[in-house]
Amino acid sequence: ESYRKAFNDMANHLQVLKTLAASARRRRPQLEVLEPLIARQVEFDKSLIQIRLDSGLEGVKTALTTNSGRLTLLEIGQAIDRLKQEENILLQQRDQTSQAKAGTTRAILFGGVGLNFLFLGLLFWLIRRDLALRRHTTATLAEANVTLEAKIEERTGQLAKTVEALEIENLERRWGQASVERLYRHGELIINSIAEGVFVVSRRGNLIKFNPAGARMVGWESQDLTGRSLHTILRRVRPDGSPLPWESDPVFLAMKQDRELQGETAALCRKDGVILPVRYGCRPMRDSDKVVGAVLTFVDLSPPRPDR
């Protein structure tokens, strides 16, 4: 009964070993050697049991003296030892591989941690730099604002002074313009109150302005005579009777030479064709030391007429 139980246990262990070897997915040379040895040992043991039943213990002793069973057990033990050595070598290789992988994993982990610290340090430096730049920018803006406010105050003060100066200048200009207008009106009154005929001519010899006495003297209206040539009212002829050019006129020569004429006689032509003997004077008009025209005064030398 004990032999049968041992045989069953041995068969179960062998089946477990074969199953484990099959799950490893590779050939087991020592297992291929071990399995026939075990089968031969089992057959030898079974033969010993049969010899025990047939011949008794003496037959068993005789069978055991042949050493065939002992040799098989020795071979089985050697095969098991070699199998254990192979497994131990495989375990060592796997352990070394696991250690290498663990070392690689640790290196990767430590490298990743180092890179994280490096990135964190770089990020911290960038944040500090950004904060420093922000503080510098804020300080610069504050300084610029102070400078700008000072400039604005300065410009505002200058603008206020400029506005005040412009107001004063505008007021003075209005006063000056009013003074000029008053002077102009006074001049107009003075010229209009003169009994002699006063005519203003340009450098080209065109009539610009004349007083009421001059208008009555020539019989022209102001709007009709203004802009006409001086020769319209002042008769100028050559000895042969041809018209005298303006460039040869004594008035033009007086303006050109910047000199006055006094007590000159001439013939004044009225609008109705009547010729009046007159005595005239010419005084050049200057603007910035430049002669721009002349003022002529005419005195009628003809005897008084009944219609005057």
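This is a predicted model: local features need pLDDT of at least 70, side-chain atom pairs count only at pLDDT 80 or more; totals for chains, interfaces and linings use all residues.

Author: Residues are numbered from 1 along each chain as its sequence is written, and side-chain values use heavy atoms, with hydrogens and water left out.

Reader: Why is Arg270 called buried?

Author: A residue is buried when its relative accessible area is under 20%, exposed when it is over 50%, and partly exposed in between, using a 1.4 Å probe and protein chains only. Arg270 has a relative accessible area of 16%, and therefore it counts as buried. Its place is the loop between strand E4 (261-269) and strand E5 (275-286), where helices (H or I, at least four residues) and strands (E, at least two) are DSSP runs numbered from the N terminus.

Reader: What makes the pair of Arg270 and Arg216 a polar contact?

Author: A polar contact is a pair of N or O atoms within 3.5 Å; within protein, one must be able to donate a hydrogen and the other to accept it, and residues adjacent in sequence count only if both atoms are side-chain atoms. Here a polar atom of the Arg270 side chain lies 3.1 Å from the backbone oxygen of Arg216.

Reader: What makes a group of residues a nonpolar core, and which residues have the most contacts inside the largest one?

Author: A nonpolar core is a set of buried Ala, Val, Leu, Ile, Met, Phe, Trp, Tyr and Cys residues joined through side-chain atoms within 4.5 Å. The largest such core has 28 residues, and those with the most contacts inside it are Leu230, Ile233, Val251, Leu268, Leu296 and Phe298. Two or more residues come from each of strand E1 (197-202), strand E2 (207-210), helix H4 (212-218), helix H6 (250-257), E4, E5 and strand E6 (291-300). There is also a second, separate core of seven residues, Leu37, Ile38, Val42 and Ala79 among them. In soluble globular proteins, nonpolar side chains tend to be buried together.

Reader: How do you know that Met255 is buried, and which residues does it contact?

Author: Met255, in helix H6, has a relative accessible area of 1%, so it is buried. Contact means heavy atoms within 4.5 Å. Leaving aside neighbours within four places in sequence, Met255 is in contact with Ser202, Arg203, Trp246, Val291, Gly293 and Ala294. The C-alpha atoms of Met255 and Val291 are 6.6 Å apart, although the two residues are 36 residues apart in sequence. Ser202, in strand E1, is buried because its relative accessible area is 14%.

Reader: What makes a space a pocket, and how much space lies in the largest one?

Author: On a 1 Å grid over the protein atoms alone, a cavity is a set of points where a 1.4 Å probe fits but cannot get out, whereas a pocket is an open set with protein on both sides within 12 Å along at least five of seven lines; lining residues have an atom within 4 Å of a point. Ten residues line the largest pocket, and the closest to its centre are Leu17, Leu20, Leu83, Lys84 and Glu87. Helix H1 (2-23), helix H2 (29-64) and helix H3 (68-193) each supply at least two lining residues, and H3 gives the most, with four.
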